[in-house]
Amino acid sequence: MMNINEIEKVLPQRYPFLMLDRVTEIKPGVYIKAYKNVSINEEYFKGHFGETPIFPGALTAEAMAQAACILIKKSIPDLKATLFYITNAKMRFFKTVAPGDQLNISVKAIKMAHVGGVFETEASVDNKIVVKGEMAFACK
Amino acid sequence: MPQLDDLTLEKELREIIAKITEIESERITLEARFIEDLGMDSMMALEILAAMEKKYKIRIPEDKLNKLANLNETIKLTKEYLKA
C-alpha cells in the first residue's frame with residue numbers, strides 16, 4: 001500500500017529514526033496498519049542489551065506514533081504540519097520484541113483535528129499482542 | 001442513552017477533565033477558565049473532546065474545540081450534541 005519511498009514523502013523522520021518499513025492498509029479517518037522488520041544490524045542493539053538484544057519499548061511506541069502521523073496526514077489533506085509532539089501516551093507492554101521479529105502496528109483514530117490527534121494503538125508479533133495503548137500528539 | 005440529569009453530567013465531565021489534565025477536581029469549578037485559570041492547552045482540550053465523544057457516543061466537530069472554555073460551556077456543548 002505504501003513502500004518506504006512513499007512513507008518518506010509523508011513522514012519527516014529519517015534513518016536512524018524511521019521506524020516503519022511499509023504501510024499495508026490505510027483507511028483515512030479510521031485506521032492504519034504498518035510494519036517494521038526488526039534487524040540485528042540496528043545500532044541500538046549494541047547497548048540494549050549486548051548479548052541479549054531487545055527492541056526498545058520506547059521505539060515500539062515511536063513506530064506506533066509514526067503510523068499515527070501517516071494516518072492523520074492522509075486523513076486531513078490540508079494539514080500543513082511537518083512536526084509532531086507527543087503529549088500523552090498510556091501503554092501496556094506484554095512481550096519483548098527481538099531481532100528477526102516483524103512488528104505489526106495497528107492504529108485506530110479516536111479523534112483527529114488540525115491541532116493533533118488521539119489514537120488507540122496496538123503492536124503485535126506473530127499475531128500476539130506485544131503492546132497496547134493510547135497516545136496523543138500535537139501537530140505543528 | 002437514558003436522559004442525563006445536569007448534576008450527573010457535571011460530575012462526569014469534571015471527572016473526565018480531572019483525569020486528562022491531572023488537575024484536582026475541586027479546582028474545576030463551573031466558571032474556572034480552562035486555559036487562563038487551569039493551565040490547559042489545546043491538546044488537552046482535544047483529548048477531553050475525544051473522551052466526551054467516547055462516553056456519550058456523540059460526534060463533536062473540530063471547530064467546536066474553542067467552545068471548551070470552562071466546565072459550564074463544556075456541559076452546554078455536551079447537552080447540545082446529546083439532544084441532536
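Start with one pair: the side chains of A:Glu134 and B:Lys54 meet in a salt bridge, at 3.9 Å from N to O. A salt bridge here is a side-chain nitrogen of Lys or Arg within 4 Å of a carboxyl oxygen of Asp or Glu. Between chain A and chain B the count is 2 salt bridges.

Quick background: this is a predicted model, where local features need pLDDT of at least 70 and side-chain atom pairs count only at pLDDT 80 or more, while totals for chains, interfaces and linings use all residues. Residues are numbered from 1 along each chain as its sequence is written, chains are lettered from A and ligands numbered from 1 in the order in which they are written, and side-chain values use heavy atoms, leaving out hydrogens and water.

**Where the chains touch**

Counting contacts (heavy atoms within 4.5 Å), 15 residues of chain A touch 12 residues of chain B. The area buried between the two chains is about 1100 Å², and carbon and sulfur atoms give 60% of that. Buried area is the accessible area (1.4 Å probe) that two parts lose on being put together, summed over both. On chain A's side, A:Ile110, A:Lys111 and A:Val115 supply 48% of the area that chain A buries against chain B, more than any other three residues.

**Two helices in chain B**

Now for some packing inside chain B. Helix H1 (residues 6–21) and helix H3 (residues 71–83) of chain B pack at an angle of about 115 degrees, with their axes 10 Å apart. Helices (H or I, at least four residues) and strands (E, at least two) are DSSP runs, numbered from the N terminus. The axes are lines fitted to C-alpha atoms, for helices over the stretch in contact, and angles run from 0 to 180 degrees between N-to-C directions. Among the residues that meet are B:Leu9 and B:Leu13 in H1(B), and B:Ile75 and B:Leu82 in H3(B).

| Cis peptide bond | Omega |
|---|---|
| A:Tyr15 and A:Pro16 | about 5 degrees |
| A:His48 and A:Phe49 | about 0 degrees |

A:Pro16 lies in the loop between helix H1 (4–10) and strand S1 (22–27) of chain A. A:Phe49 is in the loop between strand S2 (31–37) and helix H2 (57–75) of chain A.

Over in chain B, B:Glu22 has a positive phi of about 60 degrees, although it isn't a glycine. You'll find B:Glu22 in the loop between H1 and helix H2 (42–56) of chain B.
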